Amino acid sequence: MFFSVLACAFIVSAVTLTFPLLVRYITKDVLEGDLSIALSKVYWIGGLMLVLVAVQNIGNYFVDYKGHEIGARMERDLRSELFTHMQRLSFSFYDKEKTGQLMSRITNDLLLLSELYHHGPEDYVKYLVRFIGAFVILFFINAPLTIAVFCFLPFLGVFALYFNKMLNRALRNNKERIGDVNAQVEDSLSGIRTVKSFANEQIEIEKFDRENNRFLHSRKRTYQAEALLYNSFETIIQLITITVIIFGSASIVNNTLDLADLITFLLYISFMIEPIQRLTHMSTQLQEGI
């Protein structure tokens with residue numbers, strides 16, 4: 001099932017790459033040729049597009065449905081294995097560990113891990129195919145403009161490495177802090193009769209608020225790192241679009257590029273931008289899994 005989902009993700013991405021080529025064929029070959037037979041060709045290509053849309057959406061349905069089913073199966077198996085492992089641990093282990101922390105690992109942490117295991121390979125296949133496919137097609141349309149666009153990629157790599165390290169530290173703190181919150185809740189609620197007997201409710205509330213505020217602080221650091229990462233990527237992506245418009249227009253003026261190719265270029269740039277944005281999101285998922 002896992003490999004069938006990956007194969008389906010590959011097919012969907014390959015089908016997606018054909019749409020701008022069909023638009024280019026209509027604008028460059030059909031509409032600039034014999035207009036007496038152009039309409040029948042346009043209808044034929046429109047029918048082909050409808051078939052491709054059907055294939056694409058059926059494939060996406062299978063990837064979404066079966067992909068999440070695989071994730072749920074993985075999460076069940078991981079949770080079962082971890083619970084079995086916990087049954088075999090010694091008393092000394094439980095003397096050192098807090099129950100709330102262990103519960104956090106077997107619920108919240110395992111969910112994030114299973115999300116990485118099933119979304120990671122699927123998304124990498126889907127978006128790398130689109131990214132590499134778009135690059136190859138654009139290179140054959142206009143190599144200098146494609147190289148100008150890809151000069152921005154080293155900057156994306158540097159930003160990704162720097163901000164990912166910051167994000168990794170913030171997410172690690174999040175896991176520790178939510179574990180502390182769970183541990184405090186478990187400790188307070190399991191001894192609630194003792195707490196009420198000695199009228200210590202306010203003390204327990206203060207303890208919980210202290211852990212809760214520490215979790216808030218760690219979340220704020222995470223959001224700051226995410227905002228820096230995403231907005232840095234968005235800035236570079238917008239610069240890529242501006243570069244294509246300016247250099248593409250100059251190429252049209254110099255008769256080294258025609259309007260149909262510029263339209264195709266802009267369509268493929270959007271196909272390249274989406275994988276970059278998704279891979280940025282996946283870097284957060286990867287850090288959470290780690």
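Biologist: How should I read the exposure of Arg105: is this residue buried, partly exposed or exposed?

Modeller: Arg105 is partly exposed, with a relative accessible area of 34%. The classes are buried (under 20% relative accessible area), exposed (over 50%) and partly exposed in between, with a 1.4 Å probe and protein chains only. The model is predicted, so local features need pLDDT of at least 70 and side-chain atom pairs count only at pLDDT 80 or more, whereas totals for chains, interfaces and linings use all residues. Residues are numbered from 1 along each chain as its sequence is written, and side-chain values use heavy atoms, with hydrogens and water left out.

Biologist: With which residue does Arg105 form a salt bridge?

Modeller: Side chains of opposite charge can pair when their charged atoms come close. The rule asks for a side-chain nitrogen of Lys or Arg within 4 Å of a carboxyl oxygen of Asp or Glu. Arg105 forms such a bridge with Glu97, the closest N and O atoms being 3.4 Å apart. Glu97 is partly exposed, at 26% relative accessibility.

Biologist: How many salt bridges are there by this rule?

Modeller: The count comes to twelve. One of them joins Glu204 and Lys207, at 3.7 Å from N to O. These two residues stand three apart in helix H8, and they are therefore separated by about one helical turn. Helices here are DSSP runs (H or I, at least four residues), numbered from the N terminus. Glu204 is buried at 13% relative accessible area, whereas Lys207 is partly exposed at 29%.

Biologist: Which parts of the chain does the bridge between Asp258 and Lys28 tie together?

Modeller: The closest N and O atoms of Asp258 and Lys28 are 3.4 Å apart. Asp258 lies in the loop between H8 and H9 and Lys28 in helix H1, so the bridge ties together parts that are 230 residues apart in sequence.

Biologist: How many aromatic pairs does the structure hold?

Modeller: It holds seven. Rings of Phe, Tyr and Trp (its six-membered ring) pair if their centres lie within 6.5 Å; planes under 30 degrees apart are stacked, over 60 edge-to-face, and the rest tilted. Phe93 and Tyr94 form an edge-to-face pair, with 5.2 Å centre to centre and 85° between the planes. Phe131 and Phe150 form a tilted pair, with 5.7 Å between centres and 55° between planes. This second pair links distant parts of the chain, since Phe131 is in helix H4 and Phe150 in helix H5 (residues 143-150), 19 residues apart. Phe131 counts as buried at 17% relative accessibility, and Phe150 counts as buried at 17%. Phe131, Phe135, Phe139, Phe140 and Phe150 form one aromatic cluster.

Biologist: What is the phi of Ala199, and where is this residue found?

Modeller: Most residues other than glycine have a negative phi. Phi of Ala199 is near 55°, a positive value in a residue other than glycine. Ala199 is found in the loop between helix H7 (192-197) and helix H8 (201-253), and is exposed at 58% relative accessible area. Asn255 also has a positive phi, near 60°. Asn255 is in the loop between H8 and H9 and is exposed at 72%.

Biologist: Finally, with which residues is Thr16 in contact, leaving aside its neighbours within four places in sequence?

Modeller: Contact (heavy atoms within 4.5 Å) is made with Gln56, Arg130 and Phe271. Thr16 lies in helix H1 (residues 2-30) and counts as buried at 5% relative accessibility.
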